[in-house]
Amino acid sequence: MYEPIRTKSVHSPADADFPHRTREEELDIQLAGHLAALLAVTDDLGLDGAATLIAHQITRLRGTPPPRGSTPSPDSPAPLHHRALALAGRALVVAASRADTAAAILAAERMDAHTAALRTLENHPSEPLAAATR
């Protein structure tokens, strides 16, 4: 009446010996990715000082410096500041989740800088953004 199962269960993992990443490793990868995207937008905006700080954090997380080569974009800076603000917000959430104070502070500072730049653009669209985006 009862016949034993002769095949492996579909519910057992196929690769039990497969090395899995820890939560901290996954968060490091995610944070480095958000910062790399923020770095690309920061380079497009031509903010060299901020880009250097972001690149330093990426190097700390990945162990290697990020690839760079973007030149400042001639387009309107408003969409770039909106994108940078969103990316900095994502980086802040991940940095807070992994308790990375240095990355969280950097992300919060970038959020403040891009918010100030957007306010400046709204109030005085023809003025340079040098003071608001440092």
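At roughly what angle do the axes of helix α1 and helix α2 cross, and within what distance do they come? In this predicted model, helix α1 covers residues 23–45 and helix α2 covers residues 48–62. Their axes come within 9 Å and cross at roughly 155°. Since angles over 145 degrees count as roughly antiparallel, α1 and α2 are therefore roughly antiparallel to each other. The handedness of this crossing is left-handed.

The residues that form the contact can be followed along each helix. On the α1 side they are Asp28, Leu31, Ala32, Gly33, Leu35, Ala36, Leu38, Leu39, Thr42 and Asp43. On the α2 side they are Ala50, Ala51, Ile54, Ala55, Gln57, Ile58, Leu61 and Arg62. Sorted by class, the contact of α1 with α2 comprises 12 nonpolar, three polar and three charged residues.

In passing α4, helix α3 makes a left-handed crossing.

From α3, the residues that meet α4 are Pro77, Ala78, His81, His82, Ala84, Leu85, Ala88, Gly89, Ala91, Leu92 and Ala95. Their counterparts in α4 are Ala103, Ala104, Ala107, Ala108, Arg110, Met111, His114, Thr115, Ala117, Leu118 and Leu121. The contact of α3 with α4 contains 16 nonpolar residues, five polar residues and one charged residue.

Conventions:
Residues numbered from 1 in each chain as written. Predicted model: local features only at pLDDT ≥ 70, side-chain atom pairs only at ≥ 80, totals over all residues. Heavy atoms only, no water. Left-handed = near helix turned anticlockwise from the far one by under 90°. Helix = DSSP H or I, 4+ residues; strand = E, 2+ residues; numbered from the N terminus. Contact = heavy atoms within 4.5 Å. Nonpolar A, V, L, I, M, F, W, Y, C, P; charged D, E, K, R; others polar. Axes fitted to C-alpha atoms, helices over the stretch in contact; angles between N-to-C directions. Parallel < 35°, antiparallel > 145°, perpendicular 65-115°, else oblique.
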